[in-house]
Amino acid sequence: YPLLISRHVGAASMFLTGENGFIFDPENKEELIRYFDAISKMPDEELYLMGQESNRLSQQITPERWALVLLNV
């Protein structure tokens with residue numbers, strides 16, 4: 001399924017490629033409603049592909065990678 005991530009989430013760019021979900025403004029409920037509406041109208045195949053992309057990205061998030069991110073902060 002597609003991801004909906006608040007623009008306040010610092011790691012959003014690690015989880016979204018533009019092909020697997022949307023970044024929304026948590027203070028704009030109309031925007032969030034639009035994304036929910038758009039997702040509800042997507043064909044099953046598109047939803048599946050978005051989920052596959054999310055899964056691919058999640059496989060890249062390893063403890064070693066997070067350790068490097070923390071060290072760089």
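1. The protein chain exposes about 5400 Å², and carbon and sulfur atoms supply 57% of this area. Accessible areas come from the Shrake-Rupley method with a 1.4 Å probe; for residues, only the protein chains shown count as cover. The model is a predicted one: local features need pLDDT of at least 70, side-chain atom pairs count only at pLDDT 80 or more, and totals for chains, interfaces and linings use all residues. Residues are numbered from 1 along each chain as its sequence is written, and side-chain values use heavy atoms, with hydrogens and water left out.

2. The protein chain contains 4 helices and 2 strands, arranged along the sequence as β-α-β-α-α-α. Helices (H or I, at least four residues) and strands (E, at least two) are DSSP runs, numbered from the N terminus. The C-alpha trace spans about 40 × 30 × 15 Å along its principal axes.

3. Of the 73 residues in the protein chain, 30% are buried. Buried means under 20% relative accessible area, exposed over 50%, and partly exposed in between (1.4 Å probe, protein chains only). As for contacts (heavy atoms within 4.5 Å), 45% of those between residues at least 6 apart in sequence join residues at least 24 apart.

4. The largest nonpolar core has 5 residues: Phe22, Ile39, Met42, Leu47 and Met50. Such a core is a set of buried Ala, Val, Leu, Ile, Met, Phe, Trp, Tyr and Cys residues joined through side-chain atoms within 4.5 Å. Not counting residues up to four places away in sequence, leucine 47 touches Tyr1, Pro2, Ile39 and Met42.

5. Which aromatic rings pair, and how are they arranged? Rings of Phe, Tyr and Trp (its six-membered ring) pair if their centres lie within 6.5 Å; planes under 30 degrees apart count as stacked, over 60 as edge-to-face and the rest as tilted. The count by this rule is 1 aromatic pair. The rings of phenylalanine 22 and tyrosine 35 have centres 4.6 Å apart and planes at 20°, so the pair is stacked. Because phenylalanine 22 lies in strand β2 (residues 21-24) and tyrosine 35 in helix α2, the pair ties together parts that are 13 residues apart in sequence.

6. Helix α2 (residues 29-40) has 12 residues and should span 16 Å at 1.5 Å a residue; its end C-alpha atoms are 16 Å apart, which agrees. The expected span is 1.5 Å times one less than the number of residues. Asparagine 28 caps the N-terminal end of α2, with a side-chain oxygen 3.2 Å from the backbone nitrogen of glutamate 30.

7. Serine 54 belongs to helix α3 (residues 44-59) and counts as buried because its relative accessibility is 14%. Leaving aside neighbours within four places in sequence, serine 54 is in contact with Tyr1, Leu3 and Asn20. Asparagine 55, also in helix α3, counts as partly exposed at 40% relative accessibility. The C-alpha atoms of asparagine 55 and tyrosine 1 are separated by 9.7 Å, although these residues are 54 apart along the chain.

8. Glutamate 19 is found in the loop between α1 (12-15) and β2. At 57% relative accessibility, glutamate 19 counts as exposed. Not counting residues up to four places away in sequence, glutamate 19 touches Met50 and Glu53. Glutamate 19 and proline 2 are 17 residues apart in sequence and 8.5 Å apart in space, C-alpha to C-alpha.

Key. A polar contact is a pair of N or O atoms within 3.5 Å; within protein, one must be able to donate a hydrogen and the other to accept it, and residues adjacent in sequence count only if both atoms are side-chain atoms.
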